[in-house]
Amino acid sequence: MVEWITSTGLTDYREAEAWMEARVADIHKGVADECIWLVEHPPLYTAGTSAKSDDLTDPDRFPVFDTKRGGQYTYHGPGQRVAYTILDVGKRGHDVRLFVQQLEAWVIAALKEFNVDGAIREGRVGVWVDRPDKPRTDTGGIAEDKIAAIGIRLRKWISFHGISINVEPDLGHFDGIVPCGITQHGVTSLVDLGLPVTMDDVDVALQKSFGKIFTSL
């Protein structure tokens with residue numbers, strides 16, 4: 001069974017890392033269930049294993065945490081739902097690529113609950129939405145904004161870290177980094193798209209869509 005845990009208030013990032021690592025160890029030992037942990041963090045930046053120093057454009061703005069998850073620089077903060085996915089990928093087929101695709105599909109399915117068409121893009125991590133209301137790109141294409149980030153780490157085939165969906169964060173806080181190394185596209189949120197969505201609404205959508213993508217073991 002997958003346990004769902006929701007924390008209230010803002011969760012310290014290093015405390016979250018320590019909790020996840022302990023849970024991974026317990027799952028590996030067979031003394032704890034897989035879980036999805038829903039949190040919000042205070043404003044901060046995290047650097048994944050592919051982060052480039054030049055992409056941290058305002059290093060003194062918020063605390064910066066080095067982390068061993070995949071990916072580049074990411075912002076976390078109030079109004080953003082972080083879902084830490086502590087799941088046994090080994091029992092789910094030992095297929096990391098498939099697991100990442102499932103995380104992407106999960107986010108897209110959750111967004112669909114609000115009639116938002118999220119999509120993945122070749123060469124870009126995360127989930128994106130078209131913004132026909134914005135000026136076209138330099139190449140004449142439809143503008144696109146990132147609405148969700150994905151970055152995981154595995155230990156003994158147990159995953160941790162996970163996904164984040166922008167519900168109503170301060171989008172100006174993303175200005176201190178080049179999110180995921182992408183300079184030619186922007187960042188958006190559900191509320192920025194004109195949808196009166198709450199964090200509770202997103203939590204319901206995530207739990208509802210999870211079973212469509214993942215099977216409980």
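**View 1. Tyr45 stands opposite Val64 of strand S4.** This close-up comes from a predicted model. The strands here are S3, residues 44–47, and S4. S3 and S4 pair in the parallel sense. Three bridges join the pair.

**View 2. Three strands form an open sheet.** The strand order is S4-S3-S5. The pairing in this sheet is mixed. Which strands stand at the edges? They are S4 (64–66) and S5 (73–76). Each edge strand has a single partner strand, so one side of each is left without a neighbour in the sheet. Neighbouring strands of the sheet are turned against each other by 25 degrees on average, with direction ignored.

**View 3. Helix H1 lies across strands S3, S4 and S5.** H1 spans residues 13–29. The helix runs at about 25 degrees to S4.

**View 4. Helices H2 and H3 cross at roughly 135 degrees.** H2 covers residues 96–112, and H3 covers residues 199–213. Two packed helices are described by the angle between their axes and the distance between the axes. Here the axes of H2 and H3 come within 8 Å. The crossing angle is roughly 135 degrees, which makes H2 oblique to H3. The crossing of the two helices is right-handed.

**View 5. Residues of H2 meet residues of H3.** From H2, the contact uses Gln102, Ala105, Trp106, Ala109 and Ala110. From H3, Ala205, Leu206, Ser209, Phe210 and Ile213 take part. How many residues of this contact are nonpolar, polar or charged? Eight are nonpolar, two are polar and none is charged.

How values were computed
Residues are numbered from 1 along each chain as its sequence is written. This is a predicted model: local features need pLDDT of at least 70, side-chain atom pairs count only at pLDDT 80 or more; totals for chains, interfaces and linings use all residues. Side-chain values use heavy atoms; hydrogens and water are left out. Axes are lines fitted to C-alpha atoms, for helices over the stretch in contact, and angles run from 0 to 180 degrees between N-to-C directions. Helices (H or I, at least four residues) and strands (E, at least two) are DSSP runs, numbered from the N terminus. Angles under 35 degrees count as roughly parallel, over 145 as roughly antiparallel, 65 to 115 as roughly perpendicular and the rest as oblique. A crossing is left-handed if the near helix is turned anticlockwise from the far one by less than a right angle, and right-handed if clockwise. Contact means heavy atoms within 4.5 Å. Ala, Val, Leu, Ile, Met, Phe, Trp, Tyr, Cys and Pro count as nonpolar, Asp, Glu, Lys and Arg as charged, and the others, Gly among them, as polar. Two strands pair if DSSP finds at least two bridges between them.
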